[in-house]
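Morning, everyone. One structure today, and I'll keep it short. Please have a look at the screen.

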Amino acid sequence: MDVKNVFATNLNKYMKLKGKSRTDISNALKVSYFTVTDWVNGKKYPRMDKVEKLAQYFGIRISDLICIV
């Protein structure tokens with residue numbers, strides 16, 4: 001599994017656990033809905049500053065998003 005798919009799997013997991021939508025994330029991080037969609041679908045990998053913001057948003061560690069669990 002490549003890094004984009006690992007990230008996408010973990011992002012989807014935390015979105016479900018926290019009840020957050022793509023719109024919620026795009027608004028909170030001030031990125032486009034389509035960018036979040038690319039992350040969720042494993043098409044793109046976010047810059048590290050966005051990974052940090054996502055971890056803060058979900059109240060988790062960065063490693064929870066980027067490592068295989």
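Helices here are DSSP runs of H or I with at least four residues, strands are runs of E with at least two, and both are numbered from the N terminus. This is a predicted model: local features need pLDDT of at least 70, side-chain atom pairs count only at pLDDT 80 or more, and totals for chains, interfaces and linings use all residues. Residues are numbered from 1 along each chain as its sequence is written, and side-chain values use heavy atoms, with hydrogens and water left out.

The overall fold, then. The protein has 5 helices and 0 strands. From the N terminus, the order reads α-α-α-α-α. The radius of gyration is 10 Å, close to the 11 Å from the globule rule for 69 residues, so the protein is as compact as a globular protein of that length. That radius is taken over C-alpha atoms, and the rule is 2.2 Å times the number of residues to the power 0.38.

Next, the inside. Of the 69 residues, 38% count as buried, meaning under 20% relative accessible area with a 1.4 Å probe, protein chains only.

Now helix H3, residues 33-40. Which of its residues are buried? Val 36, Thr 37, Asp 38, Trp 39 and Val 40. Their cover includes helix H1 (3-18), helix H2 (22-29) and helix H4 (48-58). After H3 comes Gly 42, with a positive phi near 75°.

Contacts last: heavy atoms within 4.5 Å. Among contacts with a separation of 6 or more, 59% are between residues 24 or more positions apart.

Terms used
Buried < 20%, exposed > 50% of the residue type's maximum accessible area, 1.4 Å probe, protein only.
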